[in-house]
Amino acid sequence: MADKAAWKDRSWYKVVKKLIGRKTALFGIVVFLLLVFMALFGNHITPYDPATPSASEMFQPPSATHLFGTDSMGRDMLSRVIDGAKITLIVSVIAVLIAMVIGTLLGLLSGYMGGVIDIIITRLIEAISVFPMILFALIITTILGVGTQNIMIAIGVAYVPAFTRIVRAMTLTVKEREYIDSAKVIGLNRAEILWRYVLPNVYSVIIVQASLAAAGAILSEAALGFMGVGVQPPEASWGSMLKVGYNYLNNAPWMSIVPGFAIVITVLALNLLGDGLRDALDVRVRAD
Amino acid sequence: MISQIIKRLLAVIPHLLIVTIVLFFLIHLLPGNAATMILGDSSSSIDQLQQLESQMGFDQPVHIQYLQWLKNILLGDLGTSYLTGYPVANRIAERLPVTLELISLSILLAILIGIPIGIICAVKRNSAIDYFFSTILTVGIAMPAFWAGMLLIIVFAINLNILPASGYVPFSQNPLMNLKHMILPVVATSISLMSTIARQTRSAMLDVLGQDFIMTAHSKGMKWRKIYYKHALNNALIPIITSISIQISTMIGGSVVVEAVFILPGMGKSMIDAIFQRDYPIVMGEALVIAILIVVLYLFVDIIYAVVDPRISYNQKK
């Protein structure tokens, strides 16, 4: 057991080193950390108060005083975007967590148990994933009602198939390995085998998928927010800012350009991070 | 070959059934139903509500309602809209062509531009052109389709004023205006698929170009262009097609919001409205059509696989 701990330390170190080595992945990490920083300390670094309207400063184009201009209520766009990072990130992270937990569970069950359970779960997952995720999340939001909490659930549920599929494939790969047989011979029951042996191998796949899913979750939040079912005022996420900005494309295009740009950079960073992780962790899955 | 296609078509049916079941039950979890929407909130008594509900068949258990709906579908009746009273099929017939046009043009554009760009990047690997395009492509994947649409509106409709920002003109009515209205939405919808195709083409082509037979062909005197498009691309097509099929569902999801941005009278927008209005027959009918559309697209991709890779059909024949 002590051997296992030492080995684990070293492999983590190697992974991180490999990850940082790639410039694109490094960019991803830096941007992601920057975002986390904004989410945590946004309140302290915004040049203006993101929520206070100011009638005299409405619709100002980007300038020296307002780097990204002001919106329809005179609020500074830079501050709004920094503030919006908080909600956008929270929605994305929690949605991914929901998808990850449920998806991993289903994937493990499906891959390890096989048989009828596998068939049922796979068919269900296929049925859900045929459908464009946005529409699916929209329907779920309409059941549960609008609001931040509910789109987290909606997006989370919509991303379950992505995790299930990949965990199932990885489980199938691991199932064939010898140490599983040894474990059974020793007398470990199924749950213990899953927890102790299958799951640790599945980690790397899950982490890669998590960062890619986070990217997708932000895009989904943007679309749902644009349609008005997401975060409600006075809270603002980047998606809901786009909804407002849409009405002013004519006179204040920066209201739409800036939050959208933030979304693109974030999604880009997460994609690069996911790709980098995939290479660094050297994930290989048996195709089924 | 034909038997394969038929087999695949048959396999599609239970799949679609499961999709409709999941959707139906999901939608019927929606609080309130069309009866409450028609009668309004407080203006009617409980009796009136119950009467209307039983008239519309809401008082029956959900699975009975589903079987009723299914029976109607198989008889060709997609149901009637609760709100407008018009048949669902009519609405779909009005809206479907718009969505079909948007989606097919987007796929076409994505392929026509994506593949050549991918080939150029692979051929001029690590050059300035490669880096330039690769960067654009990576950004393209990260861009929400509807935001790209908004940007296009800002540039082309508002600032340059050469293309309309919204609205739709049927092709039969005025082809030129139709295309003018569709250019921006199509570009916006196709960006993510185009970027994926280009990236995939680039990496697949790089794999193929490294192989010996390419060198052989070149030393036999074959022009590079022919080598790329005829021999290399053929072998690279399979992973490209795989990535297309993965992205299709996402692209269709994106097209829905693009329809909202450009105010196109398509199925996507219609479905969004219907969801908000609790108009079940429309939601179910259009969801079914969209699901069929996607499944057909997947089927199409499968068939193209079989055509492109003769190994696959050989195996099936045994």
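## Basis of the model

The structure is a predicted model, in which local features need pLDDT of at least 70, side-chain atom pairs count only at pLDDT 80 or more, and totals for chains, interfaces and linings use all residues. Residues are numbered from 1 along each chain as its sequence is written, while chains are lettered from A and ligands numbered from 1 in the order in which they are written.

## Overall fold of chain A

Chain A contains 10 helices and zero strands; helices (H or I, at least four residues) and strands (E, at least two) are DSSP runs, numbered from the N terminus. The C-alpha atoms of chain A fill a box of roughly 75 × 45 × 25 Å along the principal axes.

Of the 288 residues in chain A, 47% are buried (20 or more other C-beta atoms within 10 Å of the residue's own, with C-beta atoms placed from the backbone). Where contacts in chain A link residues at least 6 apart in sequence, 71% join residues at least 24 apart; two residues are in contact if their C-beta atoms, placed from the backbone, lie within 7 Å.

## Packing of α8 with α9

Helix α8 (residues 190-226) and helix α9 (residues 238-246) of chain A pack at about 40°, with their axes 7 Å apart. Axes are lines fitted to C-alpha atoms, for helices over the stretch in contact, and angles run from 0 to 180 degrees between N-to-C directions. The crossing of α8(A) and α9(A) is right-handed (the near helix is turned clockwise from the far one by less than a right angle).

The α8(A) side of this contact includes A:Glu221, A:Leu224 and A:Phe226, and the α9(A) side includes A:Trp238, A:Leu242 and A:Lys243. The contact of α8(A) with α9(A) comprises six nonpolar, three polar and two charged residues. Ala, Val, Leu, Ile, Met, Phe, Trp, Tyr, Cys and Pro count as nonpolar, Asp, Glu, Lys and Arg as charged, and the others, Gly among them, as polar.

## Packing of α5 with α8

The axes of α5(A) and α8(A) lie 10 Å apart, at an angle of about 60°. The crossing of α5(A) and α8(A) is right-handed.

A:Met133, A:Ile134, A:Ala137, A:Leu138 and A:Thr141 of α5(A) meet A:Ser220, A:Ala223 and A:Leu224 of α8(A).

## Contact with chain B

The contact takes 31 residues from chain A and 33 from chain B. On the side of chain A that touches chain B, the elements giving two or more residues are α4 (115-130), α5 (133-144), α8, α9 and α10 (254-281). The residues on that side of chain A divide into 24 nonpolar, five polar and two charged.

How values were computed
A residue is buried if 20 or more other C-beta atoms lie within 10 Å of its own, exposed if 12 or fewer, and partly exposed in between; C-beta atoms are placed from the backbone.
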